[in-house]
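I opened the model to look up a few residues. My notes follow.

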Amino acid sequence: MSYEIKTGKEQAAPILWTGDFYNEGTGSGDIFDTLKEECGVFGVFGHPEAASMSYYGLHALQHRGEESAGICVADGRDFNYHRGMGLVKEVFDKDKIASLVGDMSIGHVRYSTSGDSRLTNAQPLVFKYRDGDLAIATNGNIVNEPLIRKQLEQSGSIFQTTSDTEVLAHLIARSPKEFVEAAKEALQQLVGGFAFMLMTNDKLVIASDSHGLRPLVMGRVGEAYVFASESCALEVIGAELVRDIEPGELLVLGKDGLREDRFTEPKRKALCAMEYIYFARPDSDLNGSNLHSARKRMGSRMALEAFVDADIVTGVPDSSISAAIGYAEQTGIPYELGLIKNKYTGRTFIQPSQELREQGVKMKLSAVRRVVEGQRVVMIDDSIVRGTTSRRIVNLLREAGAAEVHVRITSPPFKNPCFYGIDTPDRRELIASYKTIEEMREEINADSLAFLSPEGLITSIGGYNSNDYKGGLCLSCFDNDYPTQVDFGGEEKDGCSC
């Protein structure tokens with residue numbers, strides 16, 4: 001079904017309604033065409049309440065994936081696991097958690113690309129392995145997965161899912177070596193950005209790609225070890241952050257405790273910059289830098305690079321609030337809540353009426369008329385993808401009576417697709433890849449538009465060794481400089497299907 005969203009100034013392009021739920025899938029039909037992180041992982045070793053800890057940890061990582069969730073627990077002999085479609089609180093209840101008995105676990109929350117939202121792809125994936133059971137959960141994307149899958153299928157492998165995570169299981173199963181060495185050998189064949197958690201009946205293995213593209217941290221609760229995509233998931237269970245997992249590192253936890261190893265030598269450090277700009281929660285720390293503080297510095301630097309005289313500053317909820325505060329503090333222009341996000345239009349918002357559909361962005365965002373009316377507004381946002389969302393929000397402010405709307409984006413122009421675990425549109429759909437900044441300004445109906453420079457972004461994030469190339473960040477979505485090979489003769493994959 002297609003429909004149109006009409007605004008006070010213009011009529012937007014048609015948008016596809018792709019499923020039963022208002023926000024089902026992550027295709028271009030979503031009213032908010034923002035980027036989507038694909039998943040989050042959480043692991044526990046050596047704690048009798050591993051399942052409960054995983055539940056709370058995944059709840060803290062819910063922003064990284066809202067379409068499915070799963071937990072697998074090992075007690076030294078057997079696996080117990082449960083997976084389901086929906087939010088963590090929808091998939092698990094008290095009885096299901098009580099049935100997951102064991103002191104070792106891995107958990108997962110997942111987004112899926114449109115058309116790929118099904119239970120068979122929910123993680124952790126669980127397999128019968130020659131030495132027992134094997135469960136795998138991952139955050140990220142294997143660029144050469146289609147090529148490896150094709151080779152495996154030609155040699156007799158039968159795949160049960162479309163998840164690239166399953167490729168790792170087949171590679172491990174084919175190796176004659178013992179599990180840890182087989183895992184190392186398999187991981188060496190993968191190209192991409194990934195944070196893997198692998199669990200057998202008596203071992204937990206943690207691995208990060210050779211560039212550290214996807215975030216992964218280690219914590220402690222008493223004698224137990226905890227691992228998560230973000231440190232905010234450690235805080236919720238009272239765990240202490242120990243350190244970030246290093247590029248190419250492989251940790252083995254078993255009956256002899258923790259053994260630090262690696263499956264490959266570290267290469268150019270390149271943690272995804274979008275984690276700092278948009279994805280990670282503001283209360284998380286990555287590589288020694290707090291997200292809220294980093295985003296405030298981005299806003300402050302934005303004010304230095306592209307000041308505009310105005311009456312109020314407002315941020316697009318939620319990820320841009322910190323940057324808006326930084327911009328306001330730097331300029332002395334008051335920060336105001338000019339935009340309010342409705343947090344309750346998720347999966348329960350079923351089959352809205354045609355009238356509500358035509359309201360478009362107002363279903364998720366409202367402008368505070370008494371705040372913005374007659375004011376010159378600086379609107380801070382983290383990125384522009386297709387441009388449709390920015391245009392709707394600008395028009396929302398204008399409809400509420402804003403005299404001027406000046407847009408400031410706390411990242412460089414997003415021009416290139418991601419191959420490492422972010423669901424991005426085709427390059428041809430990325431507005432910055434084919435329009436100038438002035439053309440984008442006209443497209444989104446703003447009075448002015450400016451982006452943060454790459455140098456400003458790197459400086460704002462901080463927390464890195466100054467000798468690291470590009471501050472230890474992956475900026476490929478901005479500058480087309482990918483840290484890994486991304487061309488495999490047509491047998492490659494961008495986005496994510498973990």
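Helices (H or I, at least four residues) and strands (E, at least two) are DSSP runs, numbered from the N terminus. Residues are numbered from 1 along each chain as its sequence is written. The model is predicted, so I kept its limits in mind: local features need pLDDT of at least 70, side-chain atom pairs count only at pLDDT 80 or more, and totals for chains, interfaces and linings use all residues.

**Ser 231.** I found Ser 231 in the loop between strand S13 (224-228) and helix H7 (232-235). Buried or exposed? Ser 231 is buried, because its relative accessible area is 5% (buried is under 20%, exposed over 50%, partly exposed in between; 1.4 Å probe, protein chains only). Its side chain reaches the backbone nitrogen of Asp 285 at 2.7 Å. I also listed what Ser 231 touches, leaving out residues up to four places away in sequence: Val 217, Leu 241, Asp 283, Ser 284 and Asp 285. Contact here means heavy atoms within 4.5 Å.

**Val 377.** Next I went to strand S23, where Val 377 sits. Val 377 counts as buried, because its relative accessibility is 0%. I checked Val 407 too: it is 30 residues from Val 377 along the chain, and their C-alpha atoms are separated by 8.4 Å. Beyond four places in sequence, Val 377 touches several residues, including Ile 312, Leu 397 and His 406.

**Asp 381.** I stayed in strand S23 (residues 376-381) for Asp 381. Asp 381 is buried but has no salt bridge (a side-chain nitrogen of Lys or Arg within 4 Å of a carboxyl oxygen of Asp or Glu). Which side chain of opposite charge is nearest? Lys 341 is, 10 Å away. Among the residues Asp 381 touches beyond four places in sequence are Val 316 and Thr 410.

Notes:
Heavy atoms only, no water. Lys, Arg positive; Asp, Glu negative; His and termini not counted. Polar contact = N/O pair within 3.5 Å; in protein donor to acceptor, adjacent residues only side chain to side chain.
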